[in-house]
Amino acid sequence: MTISPEQTAWFAATFRSMVENVETVVLGKRHVIELAFTAMVSEGHLLLEDFPGTGKTSLARAMGQTVHGTNSRIQFTPDLLPGDVTGITVYDQKRGEFEFHSGPIFANIVLADEINRASPKTQSALLEAMEEGKVTVDGITRSTGSPFLVIATQNPIEQAGTYRLPEAQLDRFMMKTSLGYPDLASTIRILEGTSTAQPTVSPIITPQALVGMSDLARGVFVNPLVLDYIARIVEASRNTGQLRMGVSVRGARALTKAAKTWAAAHERSYVIPDDVKLLAEAVLAHRIVVDPEAEFDGVTANAVIGQLLLDIVPPMRSELA
């Protein structure tokens with residue numbers, strides 16, 4: 001299926017409306033909001049890692065309110081059990097049969113707040129749901145519904161009482177990004193609004209329309225030369241001496257899907273190398289593991305991805321015509 005100019009225009013206008021809707025709550029962070037919605041439309045999951053009080057939960061909540069579907073929030077704590085996430089089966093004495101009580105994972109938008117505070121056993125309860133959109137409890141598999149998006153937050157500063165997310169779980173997140181502190185003008189606007197109640201946003205799109213946007217994004221054309229560019233970035237990450245683990249095939253697929261959505265959001269029916277460059281850090285950096293010696297020398301995952309983008313020559317526009 002190819003995407004028509006009319007469909008591209010509708011996609012871009014709807015995407016812009018969703019971003020502007022959330023921007024009324026999360027001020028001065030338009031690019032991060034665009035990345036977050038790109039992950040959502042690309043049927044991926046989002047990890048927000050930042051300092052306390054930067055608006056991670058506000059962003060996730062506003063995104064959930066923008067989609068007129070079901071929303072839930074899970075506050076992860078050390079004593080949280082897997083059943084608190086997925087749900088449990090309870091015996092009903094009156095009816096004489098077991099009844100499933102669904103957990104908060106059964107929603108269109110799931111906010112997993114401070115995910116690294118839960119035990120690895122509880123964190124792993126998310127893996128099947130994030131990868132397949134299904135949950136298995138007592139041998140019975142149930143669908144979480146569609147669309148299904150997990151927005152997880154974690155605090156990189158307070159490490160006491162936290163459990164580091166394993167690489168297998170990090171790889172399930174399409175993107176990892178951070179908000180950072182707002183600029184001076186945005187901070188003043190935030191302070192001016194402290195006299196009002198907690199801000200909410202109006203729904204912009206239905207879950208069915210969001211699924212339609214995902215279907216349209218799949219129809220965006222990717223030139224074989226752009227696919228080759230993505231493959232060369234991934235291959236180079238596996239051969240650099242600074243990394244203990246390079247980008248997986250899942251990471252390459254995620255970058256391709258995100259680039260398609262980003263192109264459609266900017267009213268194009270085709271992907272250009274600049275789309276790949278702009279998204280590479282958010283999609284790939286959390287999937288690689290820096291060698292301990294290189295990390296001791298100050299090398300970061302973001303810096304490695306940035307260097308790979310400098311070293312690998314993208315296809316020219318004339319070649320893509």
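The chain is divided into domain 1, which comprises residues 1-192 together with 202-219, and domain 2, which spans 220-314. The model considered here is a predicted one. Taken over C-alpha atoms, the centres of domain 1 and domain 2 lie 23 Å apart.

An unreviewed UniProt entry annotates residues 236-305 as "domain: ChlI/MoxR AAA lid".

The interface may be described first by its extent. On the side of domain 1, 26 residues are in contact with 23 residues of domain 2. Between them the two domains bury about 2,100 Å², and carbon and sulfur atoms contribute 60% of that area.

Polar and charged interactions also cross this interface. The rule applied finds 13 residue pairs in polar contact between domain 1 and domain 2, with both residues at pLDDT 80 or more. The side of domain 1 that touches domain 2 draws at least two residues from each of α1 (5-23), α2 (30-41), α7 (167-170), β9 (175-177) and α9 (207-218). By residue class, this side of domain 1 consists of 13 nonpolar, five polar and eight charged residues.

Side chains of opposite charge can pair when their charged atoms come close. Three salt bridges are counted between domain 1 and domain 2. A salt bridge also joins the side chains of R287 and D171, with an N to O distance of 2.7 Å.

In the structure as a whole there are 14 salt bridges. Another of the pairs is formed by the side chains of E43 and R218, at 2.7 Å from N to O. E43 is located in the loop between α2 and β1 (46-49), whereas R218 belongs to helix α9, so this pair ties together parts that are 175 residues apart in sequence.

Key
Residues are numbered from 1 along each chain as its sequence is written. This is a predicted model: local features need pLDDT of at least 70, side-chain atom pairs count only at pLDDT 80 or more; totals for chains, interfaces and linings use all residues. Side-chain values use heavy atoms; hydrogens and water are left out. Domain bounds come from an automatic or database domain assignment. Contact means heavy atoms within 4.5 Å. Buried area is the accessible area (1.4 Å probe) that two parts lose on being put together, summed over both. A salt bridge is a side-chain nitrogen of Lys or Arg within 4 Å of a carboxyl oxygen of Asp or Glu. A polar contact is a pair of N or O atoms within 3.5 Å; within protein, one must be able to donate a hydrogen and the other to accept it, and residues adjacent in sequence count only if both atoms are side-chain atoms. Helices (H or I, at least four residues) and strands (E, at least two) are DSSP runs, numbered from the N terminus. Ala, Val, Leu, Ile, Met, Phe, Trp, Tyr, Cys and Pro count as nonpolar, Asp, Glu, Lys and Arg as charged, and the others, Gly among them, as polar. UniProt positions are given in the numbering used here, feature names are shortened, and annotations may be inferred rather than shown by experiment.
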